[in-house]
Amino acid sequence: MPTKKKNKTNPVPSEAKPEAVKIAPKKKASGAKKILGKQKDIPPTLPPLPIVGIGASAGGLEAFGAFFSTMPADPGLAFILVPHLDPTHVSIMPELIQRQTRMDVLQIKDGMRVMANTVYIVPPNHDLSILNGTLQLMAPGLPRGVNLPINTFLQALARDQGINAVGIILSGTGSDGTLGIRAIKSENGMVMVQDEKSAGYDGMPRSAIATGLADYVLPPAAMPKQLIKYLSHVVRPGPAVVKHDDGKLSDSLQKICIILRSRTGHDFSLYKENTILRRLERRMHIHQIDEVKDYVNYLQRSEVEADILFKELLIGVTSFFRDAKAFASLREQILPELVRDKPDGYTLRIWVAGCSSGEEAYSIAITLQEVFEDLNRRINVQIFATDIDQDAINTARAGLYPASIADDVGKARLKRWFLRDEQHYRIKKSIREMVVFAVQSIIKDPPFTRLDLICCRNLLIYLGPELQRKLIPIFRYSLRPLGILFLGSSEAIGPSYDLFTLVDKKWKIYRCKPTASATRQMATFPIDSPTGGTIKPELPESIRKAEELSAFQLVETILQQIEAPPCVIIDEANNIIYLHGRTGRYLEPAAGKVTVNIMKMARPGLKMELTAAIREATSENMECVRKGISIEHDDTLITIDLVVKPLLEHSALRGLLMVVFQEIKAGAKKTGAPRKVGKPGNNSTAQLLEQELRYTRENLQTTIEELETANEELKSTNEELQSTNEELQSTNEELETSKEELQSLNEEAATVNAELQSRIDELSITNDDMKNLLDSTQIATIFLDLTLCIRRFTPKVGEIIPLAGIDFGRPIKHFATALLNIDLEKDANDVLENLGMKEKEVQSKEGTFYRMRIRPYRTVNNVIDGVVITFEDITALKEIQAELGRLNVELENRKEQKT
């Protein structure tokens, strides 16, 4: 008992407990098999049947052999093998695998029920799925070279079996299986991967290991022992591992949250308890630990385990265009409406919260670009993609994804927005530059603001109700009026219905209600947590009151209070949105199409200084003053001081600029006092210089405009070059597709070659056995084909017919024999005609007697393909018979003499 107690309080994860070596006794496994054979549900008293899906490609046959050579005959598991097979070649893999195991090995037939202690192998030219423990064969969904059967099956296995699913990736090229193990992990299943050193081809193992989702990385021969240890802890009967712990579950979870917060800086105390429990149970199964308190002790001692648990709690399961119909709704309805009324130069701001490895952020960027092309619009885009996992953010920044994303992205988008990079796809630069990735916690870090769209999909479902209630107002605070909130299909805004209007009920797309007061209902940030303090910044009363007014009312109030000179308010696109005072002396309508762009309305002499002042005020975010600017008005020059300042004091007006025209009064002794242009006077030289300066400025402005035109032409040329580059890229992608098909053929050929090599080895052994058998019988044997040419013979034949190794293929009639009165050709033809056996005794010239038998040569398919002639030496038998005859004669003679 002391030893047992020690194991309980100080578990050693690397050692298996004796009672966990077998998953289920053979008796139970056969019982499960019986029930499955009747296609009934397994009773709750029996443990569920774990199903192990194993994927392999080139080099997989050797790995399969090593795996099953160390697997017990009755592990209580079912194994489903999905290799890459040549669709035009009959596979002999079931026969080859059967030699490595005492379990039944079956080639899958449609509708076959999965049973324990059985190995199932998918047939060529079929994809495999599973539903309620029944295997379903399906036609390949994609062309040869693009189809990924391992991903297809492992994803189906994860959905069907959940925690009882195990995914194993063995030797192979490419990345098939990577998405499959992601699906297995998302359902709390277990993943094993062959280590790269032992793999004949390390492409598939390397891709799977790179995801960070592998629970064990081992050589195939070491996998069965670890697999049984793990599953024995998962399925053996007994009390729940985590749900009951002497009433101290809450304390244990709090300790785990504290350890994680200390190690990673992130607090999981407000996550859903079931989410934490499922991940916690999985880690305890991995290490064969029974008690939560024991796991807490282990977690305290192991920083590596703390990091792994942190990764598991993040649940980084994502994909490109997850829920394709949701993105279709976004593309066809939501984004066009959001973009259509935005002015040129507008910056669309988007936040993708919980972006994981970046697939969803890039999906939003690609969808936006497609909408821009549909609407023929070009506006600026800033996409902020955040997550608390630094490794996931690094993956997202690299923009490099496995070839298996082809199923999610689609052929057209793959060609348009990705570049092929060996066994991966890299996101194009135009999409990559739209997205900024950063490590951020939505719980403790300040949110982004002035956003047009927030995408936070499949994150809230893992958070507790209290945390959800506090996050929704934060999202509302971050969005502009009428901004869009895009949630997962299983998520909702809960009690915050007064902040949003439902746009798409099925795909959970919401629009902010325009009520400004709702924006400030989030007063607590960061969010309260049981393990930390709370910060509650209070917004100034003046701002809360100001935001209740419309933007124009606020502008009017400010300008009246400060008795401002003539001025205008412009937006980010330099369009005038508000006028104050008499501005006609400085601005005039431009010829042509009506516009409110201040640059086009500026009078001569003002445009250059105005452009420079706006640029400086915008870039430095501070007031800019230009003094003594001369402007033409009614053939006179007026002088003004120009002031451009950003409106920073009021959140409702952020991004707007105020342009103030302060005219210098006539009579002031300044160089720029109003005067008539061209009228001679004492300062005629100064006037002439001013005219030349104005002329020079106009010429400079013309030159600038010509330069801009040249730039547009260069831009057009660049677009043509870009088009040519895209055509070349398209050609390159076609070549890459051909390369993929050739690679797929090579993998299939490698598998077929391995099968054939195994068969050759078997035939070689069989041939050796047959040779030794024939040699040991000392019976002269000749094999003839249908034309009575020599096919094979034994060395003993040389005593009867002088044959040598070079005589294969020669007709038997070409050789003389040592036999008397025998015609082998005629006798062989008789057997071929009658298909019966012919037997006779023959004698050689040396006096040796033989029993000659001639039989038809039959193949395994019962086809006649020649004859077999055997010569059995019966000389000794003849001598015995002669001696017996002589003795009989002597006996008869003696009897006669007596009589």
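**Before you start**

This is a predicted model: local features need pLDDT of at least 70, side-chain atom pairs count only at pLDDT 80 or more, and totals for chains, interfaces and linings use all residues. Residues are numbered from 1 along each chain as its sequence is written, and side-chain values use heavy atoms, with hydrogens and water left out.

**Stop 1: aromatic rings**

Rings of Phe, Tyr and Trp (its six-membered ring) pair if their centres lie within 6.5 Å; planes under 30 degrees apart count as stacked, over 60 as edge-to-face and the rest as tilted. By this rule there are 20 aromatic pairs.

Select F67 and F68. Their ring centres are 5.0 Å apart and their planes stand at 85 degrees, so the pair is edge-to-face.

Now select F783 and Y857. The centres are 6.2 Å apart with the planes at 85 degrees, so this pair is also edge-to-face. It links distant parts of the chain: F783 sits in strand β25 (residues 780-784) and Y857 in strand β28 (residues 849-858), 74 residues apart. Helices (H or I, at least four residues) and strands (E, at least two) are DSSP runs, numbered from the N terminus. F783 is buried, with 13% relative accessible area. Y857 is partly exposed, with 25%.

Finish this stop with F320, Y362, Y401, F418 and F437. These residues form one aromatic cluster.

**Stop 2: salt bridges**

How many salt bridges does the structure hold? The count is 43. A salt bridge is a side-chain nitrogen of Lys or Arg within 4 Å of a carboxyl oxygen of Asp or Glu.

Select E370 and R331. Their side chains meet in a salt bridge, 2.9 Å from N to O. This pair links distant parts of the chain: E370 is in helix α14 (residues 359-375) and R331 in helix α13, 39 residues apart. E370 is buried, at 9% relative accessible area. R331 is partly exposed, at 24%.

Go to K429 and E433. This salt bridge spans 3.7 Å, N to O. K429 and E433 are both exposed.

Next, pick E890 and R886. The closest N and O atoms of this salt bridge are 2.6 Å apart. Both residues lie in helix α26 (residues 875-898), four residues apart, about one turn of the helix. E890 is partly exposed, with a relative accessible area of 31%. R886 is partly exposed as well, at 39%.

**Stop 3: surface patches**

Patches are made of residues with over 30% relative accessible area and no salt bridge: like charges are joined within 9 Å, nonpolar side chains (Val, Leu, Ile, Met, Phe, Trp, Tyr) within 5 Å.

Select E705, E706, E708, E712, E713, E719 and E720. They form a negative surface patch. E720 lies in helix α24 (residues 684-777). At 51% relative accessible area, E720 is exposed.

I704 is in helix α24. It is partly exposed, at 31% relative accessibility.

**Stop 4: backbone**

Most residues other than glycine have a negative phi, and most peptide bonds are trans. Which residue here has a positive phi of about 55 degrees although it is not a glycine? Select Q288. Q288 is in the loop between α10 (273-286) and α11 (292-301). Q288 is buried, at 1% relative accessible area.

D323 is not a glycine, yet has a positive phi of about 60 degrees. Its loop runs between α12 (303-314) and α13 (324-340). D323 is partly exposed, at 28% relative accessibility.

**Last stop: V831 and V868**

Draw a C-alpha to C-alpha distance between V831 and V868. The two are 37 residues apart in sequence and 9.9 Å apart in space. V831 lies in helix α25 (residues 824-834). V831 is buried, at 2% relative accessibility.

Definitions and conventions:
Accessible areas come from the Shrake-Rupley method with a 1.4 Å probe; for residues, only the protein chains shown count as cover. Lys and Arg count as positive and Asp and Glu as negative; His and the chain ends are not counted. The place of a charge is taken as NZ of Lys, CZ of Arg, CG of Asp or CD of Glu. Buried means under 20% relative accessible area, exposed over 50%, partly exposed in between (1.4 Å probe, protein chains only).
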